[in-house]
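Me: I have a model open and would like to understand the words used to describe it. Could you take me through them?

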Amino acid sequence: MLSNRWQGEILQAVRESGSCSIAELARRFEVSTETIRRSVKPLIETGAVLRFHGGVMLPDGLEEPPFQRRMQRNREAKQAVAALVAARIADGDPIILDNGTTSAYVAQALAHHSRLVVVTNSAEIACRLAPRNDNRVFLCGGEVNGDDVAAFGPSAIAFLRQFQVRCAVLSVGGISSRGELVDFHLFEAEFSHAAMAQAAETWVIADHSKFGREAPVKVCSLADVDLVATDRPPPPDVARRCDAAGVRILVPDEKA
């Protein structure tokens with residue numbers, strides 16, 4: 001069994017990402033999954049972490065931290081993902097951008113693009129792109145989430161359904177080891193579903209911390225998306241699922 005020191009390292013890893021799968025922890029510490037299961041048992045018993053199918057999370061792991069704090073988490077990784085996606089978007093492209101933190105970095109990376117047609121539920125993204133380079137920006141209306149100033153609900157979805165776009169660029173709470181894209185709130189998943197239906201392609205943007213991460217709401221399966229843009233190659237189990245589903249994985253050392 002891992003020592004108390006390693007249990008502290010496990011707890012720190014979970015604190016960094018909010019949740020970790022058993023397989024992810026085993027890879028990180030180069031031990032078997034059974035060793036990890038035995039080692040997290042005392043953490044579960046003391047309430048330091050909670051168990052879910054295939055992993056552990058913080059007791060408050062079902063809630064996301066505030067938006068600005070999430071913007072700073074894995075900032076360089078998110079910026080790398082954003083640069084990859086921006087390089088695949090051409091001037092004049094019609095796109096959907098959701099309200100995720102990585103989506104906000106995509107908006108920053110699109111600063112020098114022109115004549116974009118952008119549909120978004122994020123007031124921050126709308127303000128960033130609307131004044132630039134003859135872009136046309138359409139902001140979905142609806143009930144506004146005070147954390148990230150984004151609109152959700154039936155009104156936002158009805159507005160979204162008026163558009164047909166080249167791609168929907170969507171962030172997620174996590175990509176589970178089962179090959180499912182998951183999120184923290186049902187209203188976010190509903191918006192993602194609506195965006196996917198209006199797009200010729202669905203691009204998922206996820207830095208490496210999202211692999212193996214769990215959240216309570218299933219958005220879709222990997223088979224429902226066309227591309228996953230990330231800052232480093234995913235774990236082998238996720239890579240195999242992407243390959244089986246015909247999903248392209250885009251990483252920084254791969255040229256578009």
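Me: Where is S176, and what makes S176 count as buried?

Reply: S176 sits in the loop between β10 (174-175) and β11 (180-183), strands being DSSP runs of E with at least two residues. Buried means under 20% relative accessible area, exposed over 50%, and partly exposed in between, with a 1.4 Å probe and protein chains only. S176 has 0%, so S176 is buried. Leaving aside residues up to four places away in sequence, S176 touches R213, E214 and V238, where contact means heavy atoms within 4.5 Å.

Me: Good to know! What kind of model is this, and how are residues numbered?

Reply: This is a predicted model, where local features need pLDDT of at least 70 and side-chain atom pairs count only at pLDDT 80 or more, while totals for chains, interfaces and linings use all residues. Residues are numbered from 1 along each chain as its sequence is written, and side-chain values use heavy atoms, without hydrogens and water.

Me: Why are α2 and α3 called roughly perpendicular?

Reply: The axes of α2 (residues 22-29) and α3 (residues 33-45) cross at roughly 105 degrees and come within 9 Å. Angles of 65 to 115 degrees count as roughly perpendicular, under 35 as roughly parallel, over 145 as roughly antiparallel and the rest as oblique. Therefore α2 and α3 are roughly perpendicular to each other. Their contact involves I22, A23, L25, A26 and F29 of α2 with T33, I36, R37 and V40 of α3.

Me: And which domains is the protein divided into?

Reply: Domain 1 (5-57) and domain 2 (67-250), with bounds from an automatic or database domain assignment. Their C-alpha centres lie 28 Å apart.

Definitions and conventions
Axes fitted to C-alpha atoms, helices over the stretch in contact; angles between N-to-C directions. Helix = DSSP H or I, 4+ residues; strand = E, 2+ residues; numbered from the N terminus.
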